[in-house]
Amino acid sequence: MTDDERFMLAALDEAQRAGAAGEVPVGAVVVKDGRIIGRGHNRCEALQDATAHAEMIAITAAGNQLESWRLEDCTLYVSLEPCPMCMGASLNSRISRIVYGAREPKAGACGSVVDLAAPQGFNHAMTVEGGLLADQSSELLKGFFRQLRAKRAAQRGSEPN
């Protein structure tokens, strides 16, 4: 098993924690020098905060761990392709590399919808690699939304779509 796979599995563990809490199952970890320095999973529902994405929470935790907002030479592993907000935070925190699992065709900002990895004129760029353990991430998401649809259908008294 590679280091990238090991750290993505840690992000997937965070995603499972989110799903178990009724959140969209997305998880993230920030790694520096081979060590996890920040963890996060979606908490939007629990906190009623649209910015409480897994990446944002992991970036904040990493900054607290380093006692610096500058996360140079850090890698962000996230189970789902980051959105524009999370890519902005990654750029602003100077993360060097992002590794993500499943593509996000509706809001992905690493090329699926827009590519914010190296915006023209910006003073920082990062390396992005996608598709690592994508099937596992995708299955977590599909299972979560399948259950959500079934629960909503049961509440309406009808069959799930």
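**A guided tour of the predicted model**

Begin with strand S1 (residues 27-32) and strand S2 (residues 35-41): the two run antiparallel and are joined by six bridges. The coordinates belong to a predicted model. To see one end of the pairing, select glycine 27, which stands opposite histidine 41 in S2. Then move to the turn. S1 and S2 form a hairpin with two residues between them, and aspartate 33 in this turn has a positive phi of about 50°.

Next, select valine 30 and display its surroundings. Leaving aside neighbours within four places in sequence, valine 30 is in contact with Arg35, Ile36, Ile37 and Gly38, and also with Ala58, Ile59, Ala62, Cys74, Thr75 and Leu76. Valine 30 also belongs to the largest nonpolar core, a set of 25 residues in which Val30, Met87 and Ile98 touch the most other members. Colour the contributing elements: S1, helix H3 (54-66), strand S3 (74-80), H4 and strand S4 (97-102) each supply at least two residues of this core. Another core, of nine residues, lies apart from it and includes Phe7, Met8, Ala10 and Leu12.

Proceed to helix H4 (residues 84-92) and select serine 90, which is placed there. Is serine 90 buried or exposed? Its relative accessibility is 0%, so serine 90 counts as buried. Not counting residues up to four places away in sequence, serine 90 touches Ile59, Leu76, Ile95, Ile98 and Met126.

Now select valine 99, found in strand S4. Valine 99 counts as buried because its relative accessibility is 2%, and the cut-off for buried is under 20%. Which residues does valine 99 touch, not counting those up to four places away in sequence? They are Met8, Thr75, Leu76, Tyr77, Val78, Glu129 and Leu132.

The last stop is a pair of helices. Two packed helices are described by the angle and the distance between their axes. Select helix H1 (residues 3-20) and helix H5 (residues 134-156), whose axes come within 11 Å and cross at roughly 5°. H1 is therefore roughly parallel to H5, since angles under 35 degrees count as such. Show side chains at the contact: Leu9, Leu12, Ala15, Gln16 and Gly19 in H1 meet Gln136, Ser137, Leu140 and Phe144 in H5. Sorted by class, this contact of H1 with H5 has five nonpolar, four polar and no charged residues.

Methods. Residues are numbered from 1 along each chain as its sequence is written. This is a predicted model: local features need pLDDT of at least 70, side-chain atom pairs count only at pLDDT 80 or more; totals for chains, interfaces and linings use all residues. Side-chain values use heavy atoms; hydrogens and water are left out. Helices (H or I, at least four residues) and strands (E, at least two) are DSSP runs, numbered from the N terminus. Buried means under 20% relative accessible area, exposed over 50%, partly exposed in between (1.4 Å probe, protein chains only). Contact means heavy atoms within 4.5 Å. Two strands pair if DSSP finds at least two bridges between them. Axes are lines fitted to C-alpha atoms, for helices over the stretch in contact, and angles run from 0 to 180 degrees between N-to-C directions. Angles under 35 degrees count as roughly parallel, over 145 as roughly antiparallel, 65 to 115 as roughly perpendicular and the rest as oblique. Ala, Val, Leu, Ile, Met, Phe, Trp, Tyr, Cys and Pro count as nonpolar, Asp, Glu, Lys and Arg as charged, and the others, Gly among them, as polar. A nonpolar core is a set of buried Ala, Val, Leu, Ile, Met, Phe, Trp, Tyr and Cys residues joined through side-chain atoms within 4.5 Å.
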